[in-house]
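Subject: Structure handover

Hello,

Here is the structure you were waiting for. My notes on it follow below.

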Amino acid sequence: MTSGATTSSGPGPSVPGPVPVPVPVLDDDPFSVSFLADPYPRHERMREAGPVVWLSHYGIWASARHEQVVTALTDWRAFSSASGVGLADFRKEKPWRVPSLLLEADPPDHTRVREVMTEVLSSRRVRGLREEFAAVAESLVGDLVERGTFDAVRDLAEVFPLRVFPDALGLPEEGRENLMPYGGMAFNGFGPRNDLFHEAMADAPRIQEWINESCRRENLAAGGLGQDIWAFADTGRITPEQAAMLVRSLLSAGIDTTVYAIGNALAALAAHPGQWARVHENPALAKLAFEEAIRFESPVQTFFRTTTRAVDLGGVRIGPGEKILLFLGAANRDPRKWINPHTLDVTRRTAGHVGFGTGIHACVGQQVARLEGDVVLTALARRAAMLSPTAAPEPRPNNTLRGFSSAPIRVEKAAVRGR
Amino acid sequence: MHEPEFVAVVREKIVVSDGVVALVLGHADGTPLPSWRPGAHIDLVLGDGLVRQYSLCGDPADASAYRLGVLREPAGRGGSAYVHDTLSPGDRILVRGPRNHFELEDAPSYLFVAGGIGVTPLLPMIAEVDAGGARWRLLYGGRTRPSMAFLDVLDRYGDRVLVRPQDRHGLLDLKGFLEEATRDTLVYGCGPEPLLAALEDACGARDMLRVERFAPKESIHDDRDGMFEVVLAQSGLTLTVGPGQTVLECVEAAGIPVLSSCQEGTCGTCETDVLEGTPDHRDSLLTEDERAEGTTMMICVSRCLGERLVLDL
Ligand code: HEM
Ligand code: FES
């Protein structure tokens, strides 16, 4: 096999009807450690090969272009989530956990639970979290800036969300160390059963048990988001079983994502001193910087869909019941959509990025994520005139998430400002 | 208590006239459907924020099936097109309701006026009134006879039903029809807006008319969108938002960086504090209380009820 793109007129499983355009075939393994550690050149090759490509290694379709990724995310009737948004096809394989009521569901089942979750994470509710989140960010960042050097991932990105989000949920103190490993299971679980998957699952039964316990009504503190979800079980809009499953959704989707996002944002801003200078100058840019970092170094890199019928995507005919891998992180750097896509620009108009997905499954927690990013970057912007990396960030390979296990930085303290 | 909401399964889909299909829905888990009275309607939640209301036109005594008639609306936003082109027997679909804003009140005699698909809520009313022995007549108009649904159902009522397709009979003779009304007759009308307006005219001041209108659901841009002024308090700018423009577009055009994502009022990214003025909320996120408070708005879709908004930008 060559490592370059080849073109074939009829790859893949029995495609009904003629294939209208030649489909590029690539033999990359997008879940290999080498691909995950340095995805962008490979994304580019895939994106330039065609709107939709065939990945022979897994026998799946893929798209790395903005237009097709958005089309597939939006057209939930043709591109279903209920067969799983990972490589596994739930119609043929038993999922490793009970499928999510949100992520791994289609309308109409998806619609009603999504409405409940949208109400749980309403703008008013998220606004109510700001004061507490900001206070924690100020104190944490204040201490780190005093130190002069710290690890943006280990000392900040991994610490902050784990301090604020479980409290907002009302989780018990004990056992919170299971949260990151559970996220690791969930997000590695969308890939193939490779080494990353098996490593993540090593301690699965024990962790899953703690997670299941934590989703129970009696284990969630009053006033938290977890109890808000359970309150909907009293109105009859969801069942108690669904309430527990929705709490689980917040546990799997709400922690690692923000850890990776904050780590990526800090690493990117440290590597772009000119951009940081603008944020420092005008801390109101912090939330735009966080958004741009999500476009630039997307924490959630990929999700799958499964076709419900034969469908044309970018001129390529895809048969029914087939898996397609959508490269969100590559769509966010598609030059057909973005000017200078590989450049971090904190004042860029980022609308249209798919870092939080789009369509009916678009991230329901995006306002929580933005709040976390905003308060951390704002606290740092007020205190640090300069950020610079002291060593290259260490990639942390994951079948779905992109981020770092370590990103050491040095901060230059700002002269005290009258704030 | 929240109103009923459940997953139904499409049992049958039948073409009943040019442009109209009848759907038969059952409860997906086989349990009895929520009960209803003539005049009731349900929401079909079609996804993508599309919710469409349809009157129930079957038999309220039959708890195993709901029947509805769906007209293909050429100018529709896709709800009826989806029902016509894609929805198939065996498909599952989310249903809300039933609810009733068109209750059948007791009276010794009734006159019914239907325009086109507006006949649907009247069918169960007529069945009930007829079974109860009250006097009644139906005046049923439509574009052409082949476009008029449920004529077969109405057939058995003989000459109590006047079928008046417009291509043969012209506009409905409401005045003539209403001459039959006595002091205690109730008139029930359902159909397109011009018909209902004419019916209101014809009934004059007498409190005998009951109508149902399906208010067209929200549209993001509509003809009534006027111009207004937006003051950006932090930047010290005053901008004019034109009729075809959103506040977001206008603010961005002025070079003020603001976050946005969905640009249809569903994600909350563009939420902005309102310092003065009354927003015309068009998002799908804020609660009724928050709308009334008016201290925050989604600038990608929401507009201004007055002439000026001051935003914290
Ligand atoms: C920066 C951090 C985050 C990123 C990049 C992110 C990304 C995403 C993406 C791409 C999706 C779409 C999945 C799909 O289309 O199949 C999604 C869905 C989801 N996210 Fe997030 N997310 C983040 C933070 C959060 C947080 C903090 C929460 C909880 C508070 C959360 C909860 C969810 C849930 C429950 C879904 C499923 C929604 C559905 O299927 O309807 N996420 N997220
Ligand atoms: S951009 Fe999503 S609500 Fe305005």
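Buried means under 20% relative accessible area, exposed means over 50%, and partly exposed lies in between (1.4 Å probe, protein chains only). Helices (H or I, at least four residues) and strands (E, at least two) are DSSP runs, numbered from the N terminus. Helix H11 of chain A spans residues 225-234 and is mostly covered, with seven of its ten residues buried. After H11(A) comes A:Gly236, with a positive phi near 85°.

Some ground rules. This is a predicted model, in which local features need pLDDT of at least 70, side-chain atom pairs count only at pLDDT 80 or more, and totals for chains, interfaces and linings use all residues. Residues are numbered from 1 along each chain as its sequence is written, chains are lettered from A and ligands numbered from 1 in the order in which they are written, and side-chain values use heavy atoms, with hydrogens and water left out.

**Cores**

In soluble globular proteins, nonpolar side chains tend to be buried together. A nonpolar core is a set of buried Ala, Val, Leu, Ile, Met, Phe, Trp, Tyr and Cys residues joined through side-chain atoms within 4.5 Å. The largest one here has 88 residues. Those with the most contacts inside it are A:Phe133, A:Leu156, A:Phe160, A:Ile229, A:Ile238 and A:Leu387. What does A:Phe133 contact, leaving aside its neighbours within four places in sequence? The list is A:Phe160, A:Val164, A:Ala168, A:Val368, A:Leu371, A:Glu372 and A:Val375. Another core lies apart from it, with 30 residues, among them B:Cys57, B:Ala134, B:Met148 and B:Val163.

**Two helix pairs**

Helix H5 (residues 123-147) and helix H17 (residues 366-383) of chain A pack at about 35°, with axes 8 Å apart. Axes are lines fitted to C-alpha atoms, for helices over the stretch in contact, and angles run from 0 to 180 degrees between N-to-C directions. The H5(A)-H17(A) crossing is right-handed. A crossing is left-handed if the near helix is turned anticlockwise from the far one by less than a right angle, and right-handed if clockwise. H5(A) contributes residues including A:Leu129, A:Phe133 and A:Val141. H17(A) contributes residues including A:Val368, A:Leu371 and A:Val375. By class, this contact has 13 nonpolar, two polar and six charged residues. Ala, Val, Leu, Ile, Met, Phe, Trp, Tyr, Cys and Pro count as nonpolar, Asp, Glu, Lys and Arg as charged, and the others, Gly among them, as polar.

Helix H8 (residues 179-188) and helix H10 (residues 204-214) of chain A pack at about 110°, with axes 10 Å apart. H8(A) is therefore roughly perpendicular to H10(A). Angles under 35 degrees count as roughly parallel, over 145 as roughly antiparallel, 65 to 115 as roughly perpendicular and the rest as oblique. The crossing of H8(A) and H10(A) is left-handed. From H8(A) come A:Leu179, A:Pro181, A:Tyr182 and A:Met185; they meet A:Ala204, A:Ile207, A:Gln208, A:Trp210 and A:Ile211 of H10(A). That contact has eight nonpolar, one polar and no charged residues.

**A buried glycine**

A:Gly84 sits in the loop between strand S5 (79-80) and helix H4 (109-120) of chain A. Is A:Gly84 buried or exposed? A:Gly84 counts as buried because its relative accessibility is 0%. Not counting residues up to four places away in sequence, A:Gly84 touches A:Phe90, A:Glu104, A:Phe304, A:Thr306 and A:Lys323.

**Backbone points to check by eye**

Most residues other than glycine have a negative phi, and most peptide bonds are trans. These are the exceptions I noted.

- A cis peptide bond joins A:Pro107 and A:Pro108, with omega about 5°. A:Pro108 is in the loop between S5 and H4 of chain A.
- The bond from B:Gly97 to B:Pro98 is also cis, with omega near 0°. B:Pro98 is in strand S6 (residues 92-99) of chain B.
- B:Phe150 has a positive phi, near 65°. At 7% relative accessibility, B:Phe150 counts as buried.
- B:Gln263 is not a glycine, yet its phi is positive, about 55°. B:Gln263 is partly exposed, with a relative accessible area of 34%.

Best wishes

Notes
Contact means heavy atoms within 4.5 Å.
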